[in-house]
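Me: Got a structure here I'd like to go through. Can you take my questions as they come?

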Amino acid sequence: MKVIYTEKQRLHHVRFEFLNGEATPCFEKPERADMVLNALNSHGGFTMVEPNSYGDAPMRWVHTDDYVDFLASCWDQWVEAFGDVHDASPYCFAPARHLRNRIPKDIEGRLGYYSFDMTAAITAGSWKAIVAATECALTGVDLIKQGEHAAFALCRPPGHHAAPDLMGGYCYANNAAIAAESFIRQGAKRVAVLDIDYHHGNGTQSIFYNRSDVLFASIHGDPDYDYPHYLGFADEEGEGEGLRL
């Protein structure tokens, strides 16, 4: 089996996340990819390939233009305002969306507008890593279209918590959703996304909730008691064309 991976994904390295009320060394770090790579190498039978280049256009298939533009420009805006000593992280969030749907001009306000928690800070290398992760997923799609029976796209940062215009849960661009959309745009009538992570893929669900051409199924812990808490309950079966029959 071919494994798609690039060292560019190591450029994203957040120093801290906020957990149980305190700053904690971030659990999602480059070494997580090393663990997977080491396991693959010890098993054998895998061929490593570099991803193709696609740019950020495929992100805009499933994410809003303003959100993608924010991801691309966030670090530069943060450095201009605060310097490069600390990661770009929000201190306030956007319940104001329920009052007025207006995107702040201040970088701290924009960070909170596009975030739903404090686990998705942005660093100097984040944007390049985010693009690289989506390119790994898209290269996996192309390999399947070219005749491969299976392909493993090792994507970091991960993506299943990223909604159309929200980052959180270590996720910025929804790699699985972008891959599914790529299959659809290349002629697939219907695509299934099976999410077996312990935590619910709230972002993928929100992207395809009203669509009938992508089936999203998730096996996860009870959101009444575990992250991401606010989506992933048994009665969420889709809406409109996306309603499960």
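Me: Start with the buried side of α3. Which elements do its buried residues pack against?
Reply: This is a predicted model. The buried residues of α3 pack against α2 (59-62), α4 (107-113) and α5 (126-145).

Me: Which residues in α3 are buried?
Reply: Y67, V68, F70, L71, C74, W75 and W78.

Me: How many residues does α3 have, and what does it reach from first C-alpha to last?
Reply: Helix α3 covers residues 65-82, which is 18 residues. It reaches 25 Å, close to the 26 Å expected at 1.5 Å a residue.

Me: Where is the kink in α3 centred?
Reply: On S73, and the kink is about 50°.

Me: What comes just after α3?
Reply: G83, with a positive phi of about 85°.

Me: Switching to charges. How many salt bridges are in the whole structure?
Reply: A search of the whole structure gives 12. One of them joins E148 and K2, with the closest N and O atoms 3.4 Å apart.

Me: Where do E148 and K2 sit?
Reply: E148 is in the loop between α5 and β5 (151-153), and K2 is in strand β1 (residues 2-4). The two are 146 residues apart, so the pair links distant parts of the chain. E148 is partly exposed at 28% relative accessible area. K2 is partly exposed too, at 28%.

Me: What about E28 and R156: buried or exposed?
Reply: Both E28 and R156 are buried. They form a salt bridge, the closest N and O atoms being 2.7 Å apart. E28 lies in the loop between β3 (22-25) and α1 (30-43), and R156 in the loop between β5 and α6 (175-185), so the pair ties together parts 128 residues apart in sequence.

Me: Which residue does E181 bridge to?
Reply: R211, with the closest N and O atoms 2.8 Å apart. E181 is in helix α6, and R211 is in the loop between α7 and β7 (214-218). E181 is buried at 7% relative accessible area. R211 is partly exposed at 23%.

Me: Which residues are linked in a network of salt bridges?
Reply: D56, R60, D65 and D69.

Me: Last one, the surface. Which residues make the nonpolar patch?
Reply: L194, I196 and I219, over about 350 Å². I196 is in the loop between β6 (191-195) and α7 (202-208).

Me: Why does I196 count as exposed?
Reply: Because its relative accessibility is 65%, and exposed means over 50%.

Methods. Residues numbered from 1 in each chain as written. Predicted model: local features only at pLDDT ≥ 70, side-chain atom pairs only at ≥ 80, totals over all residues. Heavy atoms only, no water. Patch = residues over 30% accessible without salt bridge, like charges linked within 9 Å, V, L, I, M, F, W, Y side chains within 5 Å. Areas by Shrake-Rupley, 256 points an atom, 1.4 Å probe, with all protein chains shown as cover. Salt bridge = Lys/Arg side-chain N within 4 Å of Asp/Glu carboxyl O. Helix = DSSP H or I, 4+ residues; strand = E, 2+ residues; numbered from the N terminus. Buried < 20%, exposed > 50% of the residue type's maximum accessible area, 1.4 Å probe, protein only. Expected span 1.5 Å × (residues − 1). Bend = angle between axes of the 7 residues up to and from the residue. Contact = heavy atoms within 4.5 Å.
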